[in-house]
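Trainee: I would like to learn how to read a model like this one, feature by feature. Could you take me through it?
Mentor: Gladly; let us open it together.

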Amino acid sequence: SGAKGDLVIGGPEVVHFKGAATVSDVHVADRLNGTDLIRWRKAAATGVDLQLEPLKISVSDLLLQQLYAQLVIERNGTTNLGVAFSAPGTLPPADQPLPESAGDDEEEKEKEDGRDERKPAEPAPAATSEPEGEPLPVTIRKVRIVDGSMNFTDRTMTPEFATGIFAMNGTITGLSGAPGTVAEVSIDGSVDRYSSGTLVDPDGK
């Protein structure tokens, strides 16, 4: 692992890096059971432009060698990756349903009791001037995946579906946190080591 390039420091909040960086042998573990969620043998980024204030990250090319990911869709619709990267307690455990709104529960109860007394709609609250969450300012022009693999499980199905994808090779072009951005995906791989498949973006590019 390491980095090579130009680093400009202009004060406690001004940090700007341009160059290349490599991070090797990374393992991201599931905090619930300790198994690997994501890991890679090598991640090499070139054309890196990193600015901390305001935050802005752009990468021309990102090479991922021997990338592995484990994706599980639980019965309540949550995913292991969503739970792993969310604040503790914000999502329910996999064996519990997602919470429903209190208003929906009360309306359903009134219908069952035969009351269903509808009140006149109240005017919508005035719009506030508070800004919505800003999109993540990250742009990656091209991601190249070499010899990747993935385990996928869908527990919302009966019986539940699970498969492995191996020998994944291909590219993802145009990754960006900007709203409305659509990346182009072209990845080949073998399903359960026996049959092959291709992943493409929704437009079939």
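Trainee: Where is Q66 placed?
Mentor: Q66 is in the loop between strand 4 and strand 5. Keep in mind that this is a predicted model.

Trainee: What is the phi of Q66?
Mentor: Start with the general idea: most residues other than glycine have a negative phi, and most peptide bonds are trans. Here Q66 has a phi near 55°, a positive value in a residue other than glycine. Its relative accessible area is 45%, so Q66 is partly exposed.

Trainee: What is the phi of A167, and where is that residue found?
Mentor: A167 has a positive phi of about 50°, although it is not a glycine. A167 is found in strand 7. With a relative accessible area of 40%, A167 is partly exposed.

Trainee: You mentioned peptide bonds. Which residue does a cis peptide bond join to P54?
Mentor: That partner is E53, and omega of the bond is about -5°. P54 sits in the loop between strand 3 and strand 4. Another cis bond runs from T158 to P159, with omega near -5°. P159 belongs to the loop between strand 6 and strand 7.

Trainee: Let me step back to the overall layout. How many helices and strands does the protein chain have?
Mentor: The protein chain has two helices and nine strands. Along the sequence they follow the pattern β-β-β-β-β-α-α-β-β-β-β.

Trainee: What share of the residues counts as buried?
Mentor: Of the 205 residues of the protein chain, 21% count as buried. The chain exposes about 14,400 Å², and carbon and sulfur atoms supply 55% of that area.

Trainee: How should I read a strand, and what is the count of buried residues in strand 1?
Mentor: The general idea is that in a regular strand the side chains alternate between the two faces of the sheet. For strand 1, residues 2-9, the count of buried residues among its eight residues is zero, so strand 1 is hardly covered, given that buried means under 20% relative accessible area. Strand 1 runs antiparallel to strand 2 (residues 15-29), and eight bridges join the two. If you want a place to look, G5 stands opposite G19 in strand 2.

Trainee: Is D30 buried or exposed?
Mentor: D30 is buried, with a relative accessible area of 11%. D30 lies in the loop between strand 2 and strand 3. Leaving out residues up to four places away in sequence, D30 touches T35, L37 and N80.

Trainee: Now to charges. How many salt bridges does a search of the whole structure find?
Mentor: The search finds six salt bridges. One of them is formed by D61 with R144, whose closest N and O atoms are 2.8 Å apart. D61 lies in strand 4 and R144 in strand 6, so the pair ties together parts that are 83 residues apart in sequence.

Trainee: Are D61 and R144 buried or partly exposed?
Mentor: D61 is buried, at 16% relative accessible area, while R144 is partly exposed, at 34%.

Trainee: Which residue meets E74 in a salt bridge?
Mentor: The side chain of R155 meets that of E74, at 3.1 Å from N to O. This pair links distant parts of the chain, 81 residues apart: E74 is in the loop between strand 5 and helix 1, and R155 is in the loop between strand 6 and strand 7. E74 counts as buried at 13% relative accessibility, whereas R155 is partly exposed at 30%.

Trainee: Which other residue forms a salt bridge with R155?
Mentor: E160 does, with the closest N and O atoms 3.9 Å apart. Salt bridges that share partners join E74, R75, R155 and E160 into one network. At 39% relative accessibility, E160 counts as partly exposed.

Trainee: Last, the rings. Which residue lies over the face of Y68?
Mentor: R39 lies over that face, at 4.2 Å from the ring centre. As for ring pairs, the structure holds one aromatic pair.

Definitions and conventions: Residues are numbered from 1 along each chain as its sequence is written. This is a predicted model: local features need pLDDT of at least 70, side-chain atom pairs count only at pLDDT 80 or more; totals for chains, interfaces and linings use all residues. Side-chain values use heavy atoms; hydrogens and water are left out. Rings of Phe, Tyr and Trp (its six-membered ring) pair if their centres lie within 6.5 Å; planes under 30 degrees apart count as stacked, over 60 as edge-to-face and the rest as tilted. A charge sits over a ring if NZ of Lys or CZ of Arg is within 6 Å of the ring centre and within 35 degrees of the ring normal. Buried means under 20% relative accessible area, exposed over 50%, partly exposed in between (1.4 Å probe, protein chains only). Helices (H or I, at least four residues) and strands (E, at least two) are DSSP runs, numbered from the N terminus. Two strands pair if DSSP finds at least two bridges between them. Contact means heavy atoms within 4.5 Å. A salt bridge is a side-chain nitrogen of Lys or Arg within 4 Å of a carboxyl oxygen of Asp or Glu. Accessible areas come from the Shrake-Rupley method with a 1.4 Å probe; for residues, only the protein chains shown count as cover.
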